[in-house]
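Subject: Structure handover and findings

Dear colleague,

Please find below the structure that I am handing over to you. My notes on it follow directly after.

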Amino acid sequence: MAETLTATSEDIAVELTPSKASPKPGKLFIGGEFVDALSGKTFETRNPATGAVITDIAEAGTEDVELAVRAARKAFEDGSPWRKMSPRDRSRALWKLAELIRQNADELSELETLDTGKPIFESSKFDIPQAAECFEYYAGWPTKIAGETIANTAGGEALVYTLREPIGVCGQIIPWNFPLQMLSWKVAPALACGNTIVLKPAEQTPLTALRFAELTLEAGIPAGVFNVVTGFGPTTGAAMVSNPGIDKIAFTGSVEVGKEIMRTAAGTLKRVSLELGGKSPNVVFADADLETAAKYALGGIFFNQGEMCTAGSRIFVEEAGYDAFMSVLRSRAQKMVAGDPLHPKTRLGALISEEHLNRVLNYVAVGKEEGANVAIGGTRIGSKGYFMKPTVLEGVTNQMRVAQEEIFGPVASVIKFKDIEEGIREANNSQFGLAAAIWTRDVKKAHNVAKRIKAGTVWINTISTTDNAVPFGGYKASGFGRELGRAAIDLYTETKSVWVDLNQ
Ligand code: ADP
């Protein structure tokens with residue numbers, strides 16, 4: 001076995017840690033079986049740390065999507081083993097899935113790192129355990145989903161109650177940045193509510209979804225309840241969105257694709273929930289604990305190479321605290337090196353693809369043209385694998401493209417502001433509204449600002465935390481619908497009102 005290596009910025013990917021996982025060629029998972037695409041077509045999934053092909057993956061066409069939808073429909077129908085399963089047994093099956101994720105955590109972490117380029121530290125400490133926790137959290141729900149009895153306003157002799165019923169076949173389309181975690185956010189609540197699923201992982205990162213499919217069989221999830229179609233967005237994904245047999249589409253990804261999905265879903269009036277991009281403001285007031293704020297700001301933007309929809313990519317710093325905050329941020333950012341994703345000490349991995357790396361680097365050039373100053377980083381590392389230096393742009397104004405457009409990479413745009421009013425106004429001056437962070441020691445100010453920020457999540461004196469019990473989703477162009485917590489139970493059920501006339 002070759003020596004492992006903590007790569008420095010110049011020698012990355014010269015010799016990477018050998019992987020223990022050897023993923024098989026990926027097939028589609030339809031009706032409880034792994035099958036080839038009807039066309040026989042495949043595509044390659046690559047390791048972003050080396051650019052090398054990991055394995056071939058089946059490419060689902062419209063007909064394969066149709067077969068998956070039919071399998072999911074059959075499993076949803078009255079009389080199927082899934083419909084006959086009691087809430088208590090559904091609960092146990094979800095818990096079993098969580099246990100299986102934990103038992104296979106090493107393999108899943110390695111697959112996730114191979115496919116995404118994210119550090120194994122993150123896969124093994126965050127992505128995979130959090131996916132297991134999500135199934136544990138939703139394992140508690142099947143036995144607690146209930147309607148209500150309602151006194152109708154006209155009074156009289158009528159009994160009215162509601163039932164919460166599963167929606168049916170849910171099409172779930174997920175991105176490449178947190179593959180198994182995004183799967184868990186969608187699959188766990190949908191199953192808890194009794195739905196069946198056709199899932200499409202991102203074409204860049206299908207490996208953990210396929211391994212998870214095997215685990216559903218071990219967990220006793222009946223055939224057809226969970227199906228995986230691998231393939232590209234405009235073909236496989238679009239075939240799902242237009243398929244009349246799918247009742248709901250849950251999507252996480254880019255704004256442009258979100259709009260496209262809404263337009264197409266209108267054709268069959270599917271339910272749609274969208275978790276789209278962000279350009280989250282991280283607003284640092286001069287009265288904050290500036291050292292802690294600077295430390296957390298780095299995690300807010302550089303965790304997962306900045307490939308996060310919640311990334312705190314616009315760092316607003318109040319003038320009076322600017323120098324103190326920036327000296328900590330600069331010196332810490334300077335010390336961050338990207339490295340071999342499979343090395344346990346690495347904290348910054350590779351970007352997902354060469355195309356994406358070039359897109360991110362282009363934003364650095366755009367920032368320079370707009371008059372921003374590259375204080376830290378700004379360049380690619382080496383030529384093998386898709387590594388980039390953590391980058392801090394200073395002298396940014398909120399009108400620049402680097403402050404308004406989602407970069408989805410390790411690039412922080414730092415913007416000065418004068419006072420609380422300007423801070424709030426500029427933080428809200430964005431098409432997005434996914435998340436925001438506020439740093440201050442003044443409790444009154446913190447809550448007042450939190451109230452006035454237009455975002456689905458506001459963190460006070462912290463950043464980037466999520467929890468399975470806490471609703472998550474966006475305002476404005478960041479989408480609609482809330483995932484996680486009780487909110488996801490609403491997202492995956494229909495409400496039926498039942499009237500009983502007590503006079504007759
Ligand atoms: P990103 O820019 O992060 O890759 P995308 O929005 O392009 O985000 O992709 C997120 C997910 O949406 C992926 O699974 C991708 O294959 C899928 N997708 C892309 N285009 C479409 C489309 N037109 N219809 C349905 N799904 C799509």
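Predicted model: local features only at pLDDT ≥ 70, side-chain atom pairs only at ≥ 80, totals over all residues.

Residues are numbered from 1 along each chain as its sequence is written, and side-chain values use heavy atoms, with hydrogens and water left out.

Domains

The protein chain is assigned domain 1 (18-276 + 480-495) and domain 2 (281-467); such bounds come from an automatic or database domain assignment. The C-alpha centres of domain 1 and domain 2 are 31 Å apart. Across the two, 29 residues of domain 1 are in contact with 28 residues of domain 2, where contact means heavy atoms within 4.5 Å.

Nonpolar cores

A nonpolar core is here a set of buried Ala, Val, Leu, Ile, Met, Phe, Trp, Tyr and Cys residues joined through side-chain atoms within 4.5 Å. Buried stands for under 20% relative accessible area, exposed for over 50%, and partly exposed for what lies in between, with a 1.4 Å probe and protein chains only. The largest nonpolar core has 100 residues, and those with the most contacts inside it are Phe135, Leu183, Phe226 and Phe325. Helix 6 (residues 179-192) gives the most to this core, namely 9 residues. Helices (H or I, at least four residues) and strands (E, at least two) are DSSP runs, numbered from the N terminus. At least three residues of this core come from each of domain 1 and domain 2. Leaving out residues up to four places away in sequence, Phe325 touches Val284, Leu290, Ala293, Ala294, Ala297, Ile315 and Val317. Another core, of 27 residues, lies apart from the largest one, and includes Tyr386, Phe417, Ile424 and Val449.

Helix 10

Helix 10 (residues 290-302) has 13 residues and reaches 18 Å from its first C-alpha to its last, close to the 18 Å expected at 1.5 Å a residue; the expected span is 1.5 Å times one less than the number of residues. Buried in helix 10 are Leu290, Ala293, Ala294, Ala297, Leu298, Gly300, Ile301 and Phe302. Because these residues cover an arc of only 165° around the axis, they are on the same side of helix 10; the arc is that of the directions from the helix axis to the C-beta atoms. The buried residues of helix 10 are covered by elements that include strand 12 (281-284), strand 13 (314-318), helix 11 (322-335), strand 17 (391-394), strand 18 (411-417) and strand 20 (435-439). After helix 10 comes Asn304, with a positive phi near 55°.

Salt bridges

The structure holds 24 salt bridges, each defined as a side-chain nitrogen of Lys or Arg within 4 Å of a carboxyl oxygen of Asp or Glu. Three of these pairs are described here.

- Asp78 and Arg83 form a salt bridge at 3.6 Å, N to O. Asp78 is exposed, with a relative accessible area of 67%, whereas Arg83 is partly exposed at 34%.
- Glu214 and Arg211 form a salt bridge whose closest N and O atoms are 2.5 Å apart. The two are 3 residues apart in helix 7 (residues 207-218), so about one helical turn separates them. Glu214 is partly exposed at 23% relative accessibility, and Arg211 is buried at 15%.
- Glu354 and Arg380 form a salt bridge at 3.1 Å, N to O. This pair links distant parts of the chain, with Glu354 in helix 12 (residues 354-369) and Arg380 in strand 15 (residues 380-381), 26 residues apart.

Two buried loop residues

Asn47 lies in the loop between strand 3 (42-46) and strand 4 (53-58) and is buried, at 13% relative accessibility. Apart from neighbours within four places in sequence, Asn47 contacts Ala52, Ile54 and Leu114.

Thr205 lies in the loop between strand 8 (196-200) and helix 7, and is buried at 1% relative accessibility. With neighbours within four places in sequence left aside, Thr205 is in contact with Asp115, Thr116, Pro175, Trp176, Pro179 and Ile352.

Yours sincerely
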